[in-house]
Amino acid sequence: MSKHKIDWQINRKGYDAESLKSAILCNLEYRLAKDQYSATNYDRFLSTAYSIVERLVERWIVTQQTYHSKNPRRIYYFSMEYLLGKSLENSLINLGLYEVCKEALEELDLDIEEIRNYEMDAGLGNGGLGRLAACFLDSMATLCYPAQGYGIRYNYGLFHQKIVDGKQVETTDSWLSLPSPWEIERPEYNFKVRFGGKVEHIKDAFGSEKANWYGGEEVIAKGYDIPVPGYKVNNVNTLRLWSARASEEFDFEAFNVGGYISACEKKLVSENITKVLYPNDNFFEGKELRLKQEYMLVSASLQDIIRRYRKENTDVRNLHKKVVIQLNDTHPALAVPELMRLLIDEHEIDWKTAWTVTTNTFAYTNHTVLPEALEEWPVELFEKLFPRILEIIYRINQALIHDVSVAYPNDRDRIERMSIFSEKGYRRVRMANLAVAGSYSVNGVAELHSKLVREKLLSDFYQMWPAKFNNKTNGITPRRWMRVANPSLAELITETIGDGWIKDLNRLRDLEKFADDLGFQKKWQEIKLSCKQKLTTSIWNEEWLEIHPATMIDVQVKRIHEYKRQLLFALFMIAKYIELKEDPSTRIVPRTCIVGGKAAPGYDRAKLIIKFINSIAEIINSDSTINSYLRVLFLPNYRVSLAEKLIPAADLSEQISTAGKEASGTGNMKFALNGAVTIGTLDGANVEILEEVGEDNIFIFGLTEKEVSSLKNNGYDPNKYIKKSPVLQKVMNLIATNFFCPDEPDLFRPIYDELNGKDEYFLMADFDAYLAAQAAVEKAYTDKSLWTKMSILNVARCGKFSSDRTIIEYAKDIWGIEPVPISLTEENQ
């Protein structure tokens, strides 16, 4: 950049390459105070990103002005996670500035690919829940809905995963160690959030009782805004994140008596609330911190929503007519009693009216079919942290129990199941029951999941309020997961059928007529090979792990959990290894098995599975007799930016969870959209992918949800399946004889014992069917034209799985909102 000077005659706010180049140089020199000698690569990224933010800001301001003047009904999305990934390329594509920016950077002797690689993934999420929220924000902006997201600004992400001696090691994910160009601090939007203290009830002059929650600790929630641009529209919505600050920056009284540490202590304790995403819940302190995060999110967000509402409206008793709040899982369920508190205590509304407003404001999305995954919190923790909130929950529960008793007289078991409080063992607050009681809509995220929610998980509530329950199958944004992640394939599709698919994914159906076209197939194959080569280069440069791009790329990437059955994939690797060793005639299809994902720090079994897979990899990859036909890799620190490289390169997508355990999954959709063929069980959204792509273009195996349930109820014996499977016996024997841990005998004994004993997730029952499905995969893969056709048809039939479709259904069926397209005129610019 040394030879380039700022041309002050150029409009640095324009949308052409010269204007953008001028803006980049100005930001480097005047915002970052750097020249060509002192500027780092990250500075060059920052100056580019700041230049794009400048072009977002005018649309952002006009968007908020328009929403204010038109005063539409708005949707607010509450989520503890937003897995945003990197924002530069997505923003450029949504603004239609990618080629312009590429040209501007080339004129500055910079490469746009290198620049975008310097950006760090935002550490605001863990897995599918956070990525879904990010996709939804993109779709809401693209569809011009008046929407805003609320979340937590974590200083540190979940953790940075390293693999040392085959084991997961957690280090800090300090994504904010360098400045983020996308966030704008909002010091004017600070809200007080109280923890602890006491509640007194006093009567006013008219004899009405009022609650006064006082004392305890006050924390300030400080706002940071991130712009969310829609694709080729002028709408730029907002994601507001809260950061905790002490209400008093410094305790001078303590300092004056010589206590510097204690003077700072209150500030440090307060700000710890938003330091880390997902503390380890094996410890009571971690649980307390997590609950504080949940309450801070909902309290600050509701105060902000009411503040905004009152700028445009007068009577908070009509809040629900202008505001709808979607609760992304149970984590924000405290919003129900908190809104009641604000309406009753702060705005002096009577209980009945406040409850009407509240129950017409909230909608709740359930994201699990696992009863143990539903949040429950100790009542004593509520007593300690939010005594007033607990009082309100008691009263909500009293009314709920009354209604249940009237509807189902003398059914004490039902009353116990539906109560917000669990009395078994120590008393707990059931967050899912609270969310259902306080919401007018309850939805699952896939057809099978919603069915299980209605019939099993929340069946009592469904029987009482059937009209509340509905399904909204998840989706993904094609802008991020095709246009950004796989630009070569996106370009081929656009050349073939036009670019309408980017906003209407159903148009991909037009690709079906090219599925048998050998010329089109050849281009498709070349793009897939190119994606594999890019992945190979990236992984070698970052991890020094080798992939052969000519092999079948077989991938399972997701959070490590027993029900997701990474262990079943590992058992297949062992079986394949044995087959290749024993029978050279089977050495036909070279395969690279790739696994990625993080295990929760306190989840010992999941961490042992990671070690197990790495130990398998060590044996297989070092065996020169077969390692040209089978390789195994565990990719550390799986994240959005890695997914964007890995998913386009995949041939086979492993979606093999135990039937009835996965709510939906969106990874399955991302792989299918990029032309990977699925091997999977009839679980989550796999069921709907099968319906869309057809049984000839997917490999389905294993027990159904009903079969799993029946087997469990009738007494499941995994040894029965081991005894009748010679291959499985050989696999289990290698584990039992420490073949994969010769230096640490019995390291994997817990895995062996679980599979022989309880086998909670039915791996033994599904193993032979899985092996047969994998054999069918290899047979199909040897027919290059057939496999390419299957790949094309997977993409062509993925239209249903756009998050745009999902959001349109939410808007129509649940939220009752309309688009508000933004127009840019000379006056409002």
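How many bridges join strand 1 to strand 2, and in which sense do the two strands run? In this predicted model, strand 1 (residues 74–78) and strand 2 run parallel and are joined by four bridges. Isoleucine 75 has alanine 147 of strand 2 as its bridge partner. Strand 2 also pairs with strand 9 (residues 236–246), again in the parallel sense, over five bridges. In this second pairing, glutamine 148 stands opposite threonine 238 of strand 9.

Strand 2 (residues 147–152) is mostly covered, with six of its six residues buried. In a regular strand, side chains alternate between the two faces of the sheet. Both faces of strand 2 are covered: on one side Ala147, Gly149 and Gly151 are buried, and on the other Gln148, Tyr150 and Ile152 are buried.

A search of the whole structure for aromatic pairs returned 29. One of these involves tyrosine 76 and tyrosine 150, whose ring centres are 6.0 Å apart; their planes stand at 35°, so the pair is classed as tilted. The pair links distant parts of the chain, since tyrosine 76 belongs to strand 1 and tyrosine 150 to strand 2, 74 residues apart. Tyrosine 76 and tyrosine 150 are both buried. A further aromatic pair, formed by phenylalanine 699 and tryptophan 787, is stacked, with 6.2 Å from centre to centre and 20° between the planes. Because phenylalanine 699 lies in strand 22 and tryptophan 787 in helix 32 (residues 784–796), this pair ties together parts that are 88 residues apart in sequence. Phenylalanine 699 and tryptophan 787 are likewise both buried. Tyr76 and Tyr150 also belong to one aromatic cluster, together with Phe78, Phe191 and Trp242.

Strand 22, which carries phenylalanine 699, is part of an open sheet of six strands in the order 19-18-17-20-21-22, with parallel pairing. Strand 19 (630–635) and strand 22 (699–700) are the edge strands, each pairing on one side only. Within this order, strand 20 (residues 652–655) and strand 21 (residues 677–680) pair in the parallel sense over four bridges. There, leucine 652 has valine 677 of strand 21 as its bridge partner.

Aromatic rings also take part in contacts with lysine. The charged end of lysine 468 sits over the ring of tryptophan 465, at 4.0 Å from the ring centre. The charged end of lysine 598 sits over the ring of phenylalanine 159, at 5.2 Å from the ring centre.

Notes. Residues numbered from 1 in each chain as written. Predicted model: local features only at pLDDT ≥ 70, side-chain atom pairs only at ≥ 80, totals over all residues. Heavy atoms only, no water. Buried < 20%, exposed > 50% of the residue type's maximum accessible area, 1.4 Å probe, protein only. Pairing = 2+ DSSP bridges. Phe/Tyr/Trp six-rings, centres within 6.5 Å; stacked < 30°, edge-to-face > 60°. Lys NZ or Arg CZ within 6 Å of the ring centre and 35° of its normal.
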